[in-house]
Amino acid sequence: MERAEKEEVVVEISEDIINNIERLPEGCISDILSLTSPADACRSSLVSTLFKSAADSDALWEKFLPADYQDIISRAFYPFLSVASSKKELYYRLCDYPLLIDGGLKSFQLEKSSGKKCIMLGAKELGIAWGDTPRYWYWRGYPGSKFPKVAELKWVCWLEIRGKLDTRFLSPKTFYTAYLVLKFHERVVYGLDYQPIKAKVEVVGRAGGNSSLCNEERCIYLTANREHASRNPKLEGQYFARERGDGWMEVELGHFYNEESEDDEGGEVHMSVLETERLGAKYGIIVQGMELRPKAGTQIP
């Protein structure tokens with residue numbers, strides 16, 4: 001009996017709180033919701049009609065969109081229909097459909113739950129040793145790629161792939177993880193399977209920046225066969241390629257914290273994949289690009 005009375009009091013208090021909040025102007029509720037996340041804002045629309053109106057308002061979703069979203073859209077490689085019925089619709093369009101920008105060399109997308117930027121550098125935007133020599137690398141279109149062309153490794157003894165991006169283009173105060181996005185040739189991969197490859201991610205050129213989280217090398221393996229790793233204790237803790245949800249594979253190169261603010265002079269994040277110690281033949285991988293995504297499971301105040 002006592003428990004039922006307590007539950008009734010809690011319900012009454014909750015209803016009183018909602019009633020008091022609904023006395024606020026819609027704009028005020030929109031400002032409050034802007035301090036949460038897009039996912040939380042969508043959930044709040046179930047509270048009441050007023051909350052739904054605030055949660056769907058252009059004023060709210062304008063704040064969830066990146067400050068430079070109009071500039072980014074203006075750099076689209078293909079015509080982009082930016083005219084949407086609402087800023088909420090535009091937000092989810094940028095989440096669901098990657099936007100090619102800068103002459104088709106980069107891909108831009110929003111992380112749906114947070115609105116953080118996800119950027120992929122296409123293979124043509126990377127520095128690939130001997131990448132312009134047809135004897136070593138073959139450039140072609142590939143089904144399922146975001147970019148017009150990918151880089152297929154025909155044969156090299158020296159594997160070197162580098163990428164860089166201005167950190168001001170990324171979301172501020174966000175942990176990012178960098179990935180190499182690739183496929184294996186359908187026939188054979190040679191010289192790279194089960195062999196350690198050096199990877200590094202670091203932030204350089206930032207005044208007062210903190211790159212201490214990402215300036216160490218790590219070994220990665222361009223194989224998804226973890227049974228091989230389990231049989232070799234020396235491979236524990238290393239990083240292996242894994243399947244993505246789009247038919248490609250990815251391997252983590254490293255991570256960093258992007259402190260960036262409006263007053264920051266900025267810097268560059270540098271990513272590299274190197275196998276230059278064993279100078280035997282290497283072939284059979286197809287490189288789509290390097291991707292930077294917000295690191296899962298991290299929250300920055």
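**Reading strand β2**

Modeller: Within β2, Lys106 is the bridge partner of Ile101. The model is predicted, so local features need pLDDT of at least 70 and side-chain atom pairs count only at pLDDT 80 or more, while totals for chains, interfaces and linings use all residues. Residues are numbered from 1 along each chain as its sequence is written, and side-chain values use heavy atoms, with hydrogens and water left out.

Biologist: Which strands are joined to β2 by bridges?

Modeller: Strands are DSSP runs (E, at least two residues), numbered from the N terminus, and two strands pair if DSSP finds at least two bridges between them. Strand β1 (residues 99-101) is antiparallel to β2, with three bridges. Strand β3 (residues 117-122) is also antiparallel to β2, with five bridges; among the partners are Ser107 and Met120.

Biologist: What lies in the turns of the hairpins?

Modeller: Four residues separate β1 from β2, and Asp102 in that turn has a positive phi of about 55 degrees. Six residues separate β2 from β3, and there Gly115 has a positive phi of about 80 degrees.

Biologist: Is β2 mostly covered or uncovered?

Modeller: Buried means under 20% relative accessible area, with a 1.4 Å probe and protein chains only. In β2 (residues 106-110), five of five residues are buried. Lys106, Phe108 and Leu110 point one way, and Ser107 and Gln109 the other.

Conventions: Buried means under 20% relative accessible area, exposed over 50%, partly exposed in between (1.4 Å probe, protein chains only).
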